[in-house]
Amino acid sequence: MKNIIELLKRHFVFVLFLILFVFSLVVLFSSNRYHNASFFSQSSDWVGKIYDWRDQLQRYLRLKEINDQLALENANLRSQLPENYFFIDTTKHDVQDSIRKQRYFFRSAKVSNASVNRESNYLTLDRGRLGGILPNMGVITNGSVVGVVSSVSDHFSVVLPILNPKFQESVKMKGSGDFGLIAWPPGSDPAYADVKDIPKHVQVSIGDTVLTTGYGSHFPADLFIGYVSELNDQPEENFHRIKIQLATDFRKLSHVQVVSDILKQEQDSLLIQQQQRDGVEDNN
Amino acid sequence: MGSKTITSFLRIFFLLFLQALVVSRLQLLDGFVLPWVYIFGILMLPFDTPKWLVLILAFVTGYFMDLFTGPMGMHMTACVALGWLQPMVQRLMSPREGYDAIQEPTIQKMGLSWYLTYAGILTFCHHFILFYAETLRITPFWYQIGHIIFSAIGTLMLLVVGQYLIFNKKVKN
């Protein structure tokens, strides 16, 4: 026993090193790298505050650019106001719409921290649970897709952007309407992403628009994701290899809108009911 | 020793913020070069710092860097390895008369070539472990090696330039 203690004393530093190193490795491998965003503390309030403080400074320096962006968006929205439209057919008249109900609700938020050049990137927004944001809401900017909220604290939320290999969303080609999946190769250029699973019989050409499907219920349908920029088809494969240029410029991201789907719960619970019913018949 | 220790703590603290708020935002060649200058706080610990303290400080530094950058564990792992290697490299490179007269490893006191070897070995080891702890993949191999080497060179350049900017005045006064 005495010998063991002597041994430990002599190799105290090495033992300490082993303990700390093993501990670090355990943390590294146990913090489930992508989904456990609630544990990883970018959403913890004090780190959020520090980033927020820096961002205020940066935003100040970029006011001009942001003004232009907002002015553009204002102009876009203004052009859609009903007053700007007139009826070509004078025999018809405007009807107050009591059939349609609002489905998506948008909240604005500011990006207080963002990474674009890592293997898996995250964004931090300056709004959290108290601002009405919940996990799994979609995040967009100027009508193009940014990502999905993955975890929230009271005042901040962390977003899984397209630039994260864990981001999954179905997309469709404008026009033909064929579905594919968007994937971002880890660590690649933040201006581009890949679209997979679009079969070869579908005509795809450079410059085609890629839109959201609206299936995942994170996003409304027909939001911009990007434009086809390259086709690297391999003869032995059945699917296109499509590279798209993303519509969102993640390096200049500043103001975003968080989309909440008012009917999401209803849609999900229906699906779960159905799955449970099927599950009973199968084996569960 | 007392004031040296406090200076070291403050330096580590300051570098963490510098890294998180400024250096991590640099977009050099689309993120191909990613300097991690916060390890300077560990490299600059005085020669007479006990080994266990170097380890603990490195661990804590890594922990806070992890808080800033993302998934926990990457910087912790790399920094603990750095904290263990640092005294070893110092011992391997000790001059014949020992380190007694000098207290901190700086370019001014140890000379540029000594410093580049010392910081170069440690920076490369740290970046190597950090990068593979982050990706957990080994393809595409040459791209990754290039990323590590050029990031390490970037870090070294910032360290050297930073030292000439900061410490020159001190020596003259």
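Visitor: In chain A, what percentage of the contacts with a separation of 6 or more joins residues 24 or more positions apart?
Guide: Quick heads-up: this is a predicted model, where local features need pLDDT of at least 70, side-chain atom pairs count only at pLDDT 80 or more, and totals for chains, interfaces and linings use all residues. Residues are numbered from 1 along each chain as its sequence is written, and chains are lettered from A and ligands numbered from 1 in the order in which they are written. A contact is two residues whose C-beta atoms, placed from the backbone, lie within 7 Å. For residues 24 or more positions apart in chain A, the share of contacts with a separation of 6 or more is 60%.

Visitor: And in chain B, what percentage of the contacts between residues at least 6 apart joins residues at least 24 apart?
Guide: Here we stay within chain B and count contacts between residues at least 6 apart in sequence. The part that joins residues at least 24 apart comes to 70%.

Visitor: How many strands does chain A have?
Guide: Helices (H or I, at least four residues) and strands (E, at least two) are DSSP runs, numbered from the N terminus. Chain A has five helices, and its strands number 12.

Visitor: What makes up the secondary structure of chain B?
Guide: Follow chain B from the N terminus and its elements read α-α-α-α-α-α-α. There are zero strands, and the helices number seven.

Visitor: How much of chain B counts as buried?
Guide: Buried means 20 or more other C-beta atoms within 10 Å of a residue's own, exposed means 12 or fewer, and partly exposed is in between, with C-beta atoms placed from the backbone. In chain A, with 284 residues, buried ones make up 29%. Chain B has 173 residues, and its buried share is 39%.

Visitor: Which residues of E5(A) are buried on one side and on the other?
Guide: E5(A) spans residues 157-161, and five of its five residues are buried. In a regular strand the side chains alternate between the two faces of the sheet. In E5(A) both faces are covered, one by Ser157(A), Val159(A) and Pro161(A), the other by Val158(A) and Leu160(A).

Visitor: Which residue is the bridge partner of Thr124(A) in E5(A)?
Guide: Two strands pair if DSSP finds at least two bridges between them. E2(A), residues 123-125, is antiparallel to E5(A) and joined to it over three bridges. Within E5(A), the partner of Thr124(A) is Val158(A).

Visitor: What is the bridge partner of Thr209(A) in E10(A)?
Guide: E9(A), residues 209-212, pairs with E6(A), residues 170-173, in the antiparallel sense over three bridges. There, Met173(A) stands opposite Val210(A). E9(A) is also joined by three bridges to E10(A), residues 224-231, again running antiparallel. In E10(A), Thr209(A) has as its partner Tyr227(A).

Visitor: Which element gives the largest share of the side of chain A that touches chain B?
Guide: The contact takes 21 residues from chain A and 23 from chain B. On the chain A side, helix H2 (12-30) and helix H3 (45-61) are the elements that give two or more residues. The largest share, 10 residues, comes from H2(A).

Visitor: How are H2(A) and H4(B) oriented to each other?
Guide: Their axes are 8 Å apart and the angle is about 165 degrees; axes are lines fitted to C-alpha atoms, for helices over the stretch in contact, and angles run from 0 to 180 degrees between N-to-C directions. Angles under 35 degrees count as roughly parallel, over 145 as roughly antiparallel, 65 to 115 as roughly perpendicular and the rest as oblique. So H2(A) and H4(B) are roughly antiparallel.

Visitor: How many nonpolar residues are in the contact of H2(A) with H4(B)?
Guide: Ala, Val, Leu, Ile, Met, Phe, Trp, Tyr, Cys and Pro count as nonpolar, Asp, Glu, Lys and Arg as charged, and the others, Gly among them, as polar. Residues making this contact include Phe17(A) and Leu20(A) of H2(A), and Val80(B) and Trp84(B) of H4(B). Two are polar, none is charged, and the nonpolar count is 11.

Visitor: Is the crossing of H3(B) and H4(B) left-handed or right-handed?
Guide: The axes of H3(B), residues 51-69, and H4(B), residues 74-92, come within 7 Å and cross at roughly 155 degrees. A crossing is left-handed if the near helix is turned anticlockwise from the far one by less than a right angle, and right-handed if clockwise. The crossing of H3(B) and H4(B) is right-handed.
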